[in-house]
Amino acid sequence: MTSREALIQYWGFTHFRPMQEEIIQSVLDGNDTLALLPTGGGKSICFQVPALCLPGICIVVSPLIALMKDQVSNLNKRGIKAMNVISGMTAREVDVALDNCVFSNYKFLYLSPERLLSDMVQMRIERMKVNLFAVDEAHCISQWGYDFRPSYLKVADIRKYHPQIPVLALTATATSVVRDDIQEKLLFKKKNIFVKSFERKNLSYVVFDEDDKQKRMLDILKKVSGSAIVYCRNRRRTQEVAQYLTMNNIKADFYHAGLKTDMRSTKQEAWINNSLRVMVATNAFGMGIDKPDVRTVIHLDVPDNLEAYYQEAGRGGRDEKTAYAVLLYNRFDIDELKNRVTQNFPELKIIQTIYQALSNFLQIPVEGGEFNTYEFDLNAFCNQYNLNAYTVTAVLKILELDELITLSDAIFIPSRIKIKIQSFDLYNFQVQNPQYDHFIKTLLRSYEGLFDTYTNIHEGEVSKRAGVTIHETMNTLRYLSKADVIEYLPQTDKPQLQFLHARIPAKDLQISRETLELRKQRYIKRMQAIINYVSQNHQCRSMMLLDYFDEKVLHRCGVCDYCRERNKLDLNDVEFENITMQIKEKLNGSSLTIEELIGSLNFKHDEKLLAVINWMIDQEKLKLNSNSKLELIRD
């Protein structure tokens, strides 16, 4: 099967998106490949298509559990056998899943990087017929990246089991330093990178210094029709802003990771179908959603870094039509960003206190808990121990980065069952317990593969088909599980926290001060970059973003807030640069009245000169001193 045939057969597309085909061919040629595609650029196709063209199974490493589940579900719907191994699965479930990948014709196995730490996983991968290693969110492997995860450093270890199999690393955002680091850490045989331009020509970046941000948001949404996302930093504010918009006759709802799974799905579906216009959300919303017609993305709070902002803003205008990415800020936001440095890097004593509380909350004894997974309710934990949620979140992140725990967002894991006994023994059980015969037959008719693997079930459907109540269904499932006929694992939609090492006494917990300080300095550097982005108004926004990602362009975007003001001057770039350069030279170390300045410049059109001078004053490049003379404002 060729790559184009696979695309047509499984996705119904006749053409690839820009750069996808070149990346796929590189992989099919057996080359280690790094692919940088912006948000919405179609990264998953780049590993799914070649994996279907080659015999064997593709190992996909990703930190985004919800995204893994969505991709596995979509592949299965297309008739492609795929499975994931995620937090919340029992050791027996993982064991069965890995065996199926070794002995059955599965094409994709999705794993979190933490799972690669397990000897059981590595031993099974060694026995699999692997055709490709795909590493999603590959910037996480670099200590220079904005979301570094130490567990990603272990990814390269699995290459030793299949040294001839290529690696495809994918990410949406990476500076040149991070790109080099990714290829080095993943042991690329030779450098090989495909980079699609980060430029979004249809996306207008706009920044407003605004005290009343909600009112400005409302004005924008009234002026720009169509679907929109409004990002807020905390969960409570999403609800307040959604209510504010609703009161002002704009159909809006709120979304965050703390909502139950079915509620999140309902809200998301309403927004995708345009029965809901605006989704007010935390950054938990938008990942993996390919909605092309988003006209506006508004940030009511300044994100921690430009990488996060670029990804979130990039969810607008994927249909290549005009869209707006608006960031609203004021001086309080800048102060809050700076204060967050201290909050994100608490003292060791605070880390030890929260680690002790966490162990008590989950009832983990000293030297216990290794590789155990627990349902974790952040709000309940904070309330029980009277802890600040932001501080707890920061400490959990530090514990993750030190590979002590791993924490997933709330995900829905449906109920699963597997028949534990052989078919002959099951028949004997049905004969000896006729009251359960009809129920067991219903299960066997409703679901395939119950003897071979853990199978998702829906208790409501089972009860209808068996002609019993849902209460009776669950009681029967529990009884059959207790009788060792089946294994029954009820559904959950809580966040999953896993201890990667046995619990130690809190006083013995040590975090490298040097490592923590290094992370802190890199955090500050990225924070300063986004502060510069919002506070500067004398450069094209798109050029600023592209420069941050080490992409040099010589032309303005023409559609950002800076460029729109520039366009009003009715001057081409050469004329504009010539005039501004002359003005700066004349005012370098001196001051002149407007009339003196215009008279000293060699330019025919005084009205254009005056327009540039006024523009430079508005952009705070020039100022009038107490003597009504123009002076340069130094950057």
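Ser151 counts as buried because its relative accessibility is 4%; buried means under 20% relative accessible area, exposed over 50%, and partly exposed in between, with a 1.4 Å probe and protein chains only. The model is predicted: local features need pLDDT of at least 70, side-chain atom pairs count only at pLDDT 80 or more, and totals for chains, interfaces and linings use all residues. Residues are numbered from 1 along each chain as its sequence is written, and side-chain values use heavy atoms, with hydrogens and water left out.

Ser151 sits in the loop between strand E5 (130-135) and strand E6 (167-171). Helices (H or I, at least four residues) and strands (E, at least two) are DSSP runs, numbered from the N terminus. Neighbours within four places in sequence aside, Ser151 is in contact with Pro113, Glu114 and Glu403. Contact means heavy atoms within 4.5 Å.

A cavity is a set of points, on a 1 Å grid over the protein atoms alone, where a 1.4 Å probe fits but cannot get out; lining residues have an atom within 4 Å of a point. The whole structure holds three cavities of 30 Å³ or more. Helix H15 (389-401) gives the most to the lining of the largest one, with three residues. That lining has five nonpolar, two polar and five charged residues. Here Ala, Val, Leu, Ile, Met, Phe, Trp, Tyr, Cys and Pro are nonpolar, Asp, Glu, Lys and Arg are charged, and the others, Gly among them, are polar.

Now turn to the sheet. Seven strands form an open sheet with parallel pairing, in the order E3-E4-E2-E5-E6-E1-E7. Its edge strands are E3 (82-85) and E7 (193-195), each pairing on one side only. Two strands pair if DSSP finds at least two bridges between them. Neighbouring strands are turned by 15 degrees against each other on average, direction ignored. Axes are lines fitted to C-alpha atoms, for helices over the stretch in contact, and angles run from 0 to 180 degrees between N-to-C directions.

Leu34 has Ile193 in E7 as its bridge partner. Elsewhere, helix H4 (residues 65-77) lies across E3 and strand E4 (108-111). H4 runs at about 160 degrees to E3.

Technical notes. 1 Å grid on protein atoms, 1.4 Å probe; cavity = no way out; pocket = protein on both sides within 12 Å on 5 of 7 lines; lining within 4 Å. Points joined across faces, edges and corners; volume = space filled by probe spheres on them.
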